[in-house]
Amino acid sequence: MPGEPQTYDLVVAANRLPVDKVVSDSGEVSWQRSPGGLVTAMESVMRNRAGAWVGWAGDSGPAPEPFDEDGLHLHPVGLSAEEVRDFYEGFSNDTLWPSYHAVIVPASFPRDWWTAYREVNARFAGAVARLAEPGARVWIQDYQLQLAPALVRRLRPDLRIGWFNHIPFPPVELFAQLPWRSQILEGLLGADFLGFQRQADAQNFVRACRQLLRAQTKGDTVAVGDGSPRRVRASAIPISVDFDGLEELARRPDVVARSRELRESVGNPKVLLLGVDRLDYTKGIRHRLKAYEELLVEGRVGPPDVTFVQIATPSRERVEAYQNLRSEIEQTVGRINGDHGQIGAPPIHYLHHAYPREEMAAFFQAADVMIVSPLRDGMNLVAKEYVTCRYDLGGALVLSEFTGAWHELHQAFACNPNDIEDLKQAIMRAITTPAKERQRIMRALRRRVSEHDVQRWAQRFLAALDAAPERPVAGS
Ligand code: ADQ
């Protein structure tokens, strides 16, 4: 109808839009698809349907006008500079992130941040409500938008609302520390279906509803409202990677050639160890460096035979805990290289940059041992990307038990990163296990990821959303 705003049968809301702003030398602004897994997964489910994506464009100030990109309607939400500080850097990254990751660093609870969190969630909910066609499905992403499900339901009770948590959901003893714990649970309970990375996360959520809201729970559902209550289901649907797309990239001759070049440029070691993380205190980078330093001191590894490449992507650089972590890591790397390096053969190559996907695939192929040692991690896609790139069945994965990925990739060389001896042993086992056995392990890991790729994740989520209990459920 002319004059009517266009509406969509699937609306995704995520903190960020799936595009990055590119400004040319002449100042012209264009948008480039960000290559993340979420975008790839959405492409597979949004193909052939009218979909919209609501998200922040990444700069403070008024929102750019909505625009279409490759058949997807992109609807930017604006954040003021104060909201970037209070909603994004503050409440999202300095209150919720540490609280949900086992309080590896203390969480902060300023009350102004909560006000900004509520206001921004309401802005997202308003945009979703305007863009959804009658009876449409809404898929809200992650911890930045936990109030949006209930706010959307209030505006549009006709919609099917799903939410997926990319990070862990903490045990009730930790969650209960949040001054706004009840409001957050009530916000989430506005959804029909809540997806988590691990079953334990979903159970933590259900338990929190029972203990903190005194809600009736049955199995994986929570009853909301009196009389004939609505039932909200919470269950695990672990995220994954675009296996076929990434493997195809890894097989490209230029990527294979680049992986050889990378090995040469670090002196063609017998064993190349690799770490790839956002520079975040949850990722266990300090523990990894400690384990490696002890192995160097004990003379069990060292250049030129063994070398370690640590790629640490810049992250949340205005949050103090991240600034402290960066200085600590850079000091440690400097000390280790000073103590154990030789001219042209440092024991650690430290890179603080983001790289294109091709370069990451080449790094994965070049590495004999990939060390993934988070103290807490919802999933950890790097582990899955590494095995996806190893179509040659080379390489070995050292994997922390505290990642969601470990629950699917049991055959990996498991470690408890808090136990430095255990981490050292896992690294040494990964180095010394005979090639045939390593290949057997790699084949099993690859089978798991190929059969549970990101496309399947998105389809399973939407199927679970469709199958969520109808409301109201009489007599329950
Ligand atoms: P993250 O904490 O960001 O994600 P992760 O799952 O490892 O962690 O994803 C990081 C992504 O960034 C990977 O795709 C990786 O390849 C890429 N990356 C890392 N360093 C890079 C670099 N230097 N250059 C380019 N790309 C780089 C959150 C949760 C995770 C969960 C995901 C998805 O914390 O637990 O797995 O969401 O749900």
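Colleague: What should I know before reading the model?

Modeller: Residues are numbered from 1 along each chain as its sequence is written, and side-chain values use heavy atoms, with hydrogens and water left out. The model is predicted: local features need pLDDT of at least 70, side-chain atom pairs count only at pLDDT 80 or more, and totals for chains, interfaces and linings use all residues.

Colleague: How many residues surround the ligand?

Modeller: A residue is near a molecule if one of its heavy atoms lies within 4 Å of it. Here 20 residues surround the ligand. The closest are His 166, Thr 313, Tyr 355, Asp 377 and Glu 385.

Colleague: Which polar side-chain atom lies 2.8 Å from an oxygen atom of the ligand?

Modeller: A polar contact is a pair of N or O atoms within 3.5 Å. Arg 278 supplies that side-chain atom. Backbone atoms take part too: a polar one of Met 379 is 2.8 Å from a ligand oxygen, and an N or O of Asn 380 lies 3.0 Å from one.

Colleague: How much of the ligand does the protein cover?

Modeller: Accessible areas come from the Shrake-Rupley method with a 1.4 Å probe. On its own, the ligand has 720 Å² of accessible area, and the protein covers 81% of it.

Colleague: Is helix α12 enclosed or open, and why?

Modeller: Helices are DSSP runs (H or I, at least four residues), numbered from the N terminus. Buried means under 20% relative accessible area (1.4 Å probe, protein chains only). Eight of the ten residues of α12 (357-366) are buried, so the rest of the structure largely encloses this helix. Among them are Glu 359, Phe 363 and Gln 365.

How values were computed
Polar contact = N/O pair within 3.5 Å; in protein donor to acceptor, adjacent residues only side chain to side chain. Buried < 20%, exposed > 50% of the residue type's maximum accessible area, 1.4 Å probe, protein only. Helix = DSSP H or I, 4+ residues; strand = E, 2+ residues; numbered from the N terminus.
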